[in-house]
Amino acid sequence: MECEFPMKSADDGQMKAILERVKTIAVMGLSPDESKDSNKVARYLQQHGYKIIPVYPKADEEILGEKVYTTLADVPDTVDMVNIFRKPAALDPIADICIERGDVKVFWSQKGIVNNAAAQKAEAAGMEVIQNHCSMVEHRKLLG
């Protein structure tokens with residue numbers, strides 16, 4: 001599958017409002033490896049006051065001191081935002097789980113991750129959608 005260009009992208013004002021509003025972020029694909037981007041970004045967000053919920057299929061007991069869940073469907077807490085570090089093809093089932101949960105307000109895929117069909121599905125269900133932006137970079141730029 002070739003890389004898609006995001007059909008819709010958030011502006012700075014929308015991203016700033018989201019980052020000011022959300023409290024709990026499920027990080028999809030949060031690696032226990034501290035050298036991985038998912039770990040660095042989640043650690044940064046955690047250090048800036050967000051509750052991080054690691055979602056990682058090869059479950060460790062904890063990542064960044066938080067209990068790991070193998071799927072988003074298993075997370076018992078309310079989730080304000082999903083921050084996605086997965087291949088674009090994984091975004092369709094993630095969008096479906098977000099819709100089933102009913103509590104996810106923001107569907108955010110990291111830099112280089114675009115799936116317009118999943119984004120449209122999430123948006124149609126009432127979520128705000130951000131694709132191809134790093135949440136850490138945007139936080140530093142807008143709220144740092």
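1. Of the 144 residues in the protein chain, 48% count as buried, where buried means under 20% relative accessible area, exposed means over 50%, and partly exposed lies in between (1.4 Å probe, protein chains only). The model is a predicted one, in which local features need pLDDT of at least 70, side-chain atom pairs count only at pLDDT 80 or more, and totals for chains, interfaces and linings use all residues. Residues are numbered from 1 along each chain as its sequence is written, and side-chain values use heavy atoms, with hydrogens and water left out.

2. The protein chain has 5 helices and 7 strands; helices (H or I, at least four residues) and strands (E, at least two) are DSSP runs, numbered from the N terminus. Along the sequence they follow the pattern α-β-α-β-β-β-β-α-β-α-β-α. The radius of gyration is 14 Å, close to the 15 Å from the globule rule for 144 residues, so the protein chain is as compact as a globular protein of that length. Here the radius is taken over C-alpha atoms, and the globule rule is 2.2 Å times the number of residues to the power 0.38. The C-alpha trace spans about 35 × 30 × 30 Å along its principal axes.

3. Contact means heavy atoms within 4.5 Å. Among contacts in the protein chain between residues at least 6 apart in sequence, 63% join residues at least 24 apart.

4. Helix α1 (residues 12–21) has Gln14, Met15, Ile18 and Leu19 as its buried residues. They cover an arc of only 130° around the axis, which puts them on the same side of α1; the arc is that of the directions from the helix axis to the C-beta atoms. An α-helix has 3.6 residues a turn, so residues three or four places apart point the same way. The buried residues of α1 pack against β5, β6, β7 and α5.

5. In helix α3 (residues 91–101), the buried residues are Leu91, Ile94, Ala95 and Cys98. Their arc around the axis is only 100°, which places them on the same side of α3. The packing partners of these buried residues are β1 (24–28), β5 (81–84), β6 (106–109) and α4 (116–124). After α3 comes glycine 102, with a positive phi near 80°.

6. Isoleucine 99 also belongs to helix α3, but this residue counts as partly exposed because its relative accessibility is 36%. Leaving aside neighbours within four places in sequence, isoleucine 99 is in contact with Lys121, Ala125 and Met127. Valine 137 is 38 residues from isoleucine 99 along the chain, and their C-alpha atoms are separated by 27 Å.

7. How many disulfides are there? The count is 0, a disulfide being a pair of cysteine sulfur atoms within 2.5 Å. For cysteine 98, the closest cysteine sulfur is that of cysteine 134, and at 19 Å it is too far for a bond. Cysteine 98 counts as buried, at 1% relative accessibility, and cysteine 134 counts as buried at 12%.

8. Most residues other than glycine have a negative phi, and most peptide bonds are trans. Leucine 64 is not a glycine, yet it has a positive phi of about 55°. Leucine 64 lies in the loop between β3 (62–63) and β4 (66–67) and counts as partly exposed, at 25% relative accessibility.

9. Asparagine 132 also has a positive phi, near 65°. This residue is in the loop between β7 (128–130) and α5 (135–143), and its relative accessibility of 23% makes it partly exposed. Asparagine 132 and lysine 111 are 21 residues apart in sequence, while their C-alpha atoms are 3.9 Å apart in space.

10. The charged end of lysine 67 sits over the ring of tyrosine 69, 4.9 Å from the ring centre. A charge sits over a ring if NZ of Lys or CZ of Arg is within 6 Å of the ring centre and within 35 degrees of the ring normal. The count of aromatic pairs is 0; rings of Phe, Tyr and Trp (its six-membered ring) pair if their centres lie within 6.5 Å, with planes under 30 degrees apart counted as stacked, over 60 as edge-to-face and the rest as tilted.
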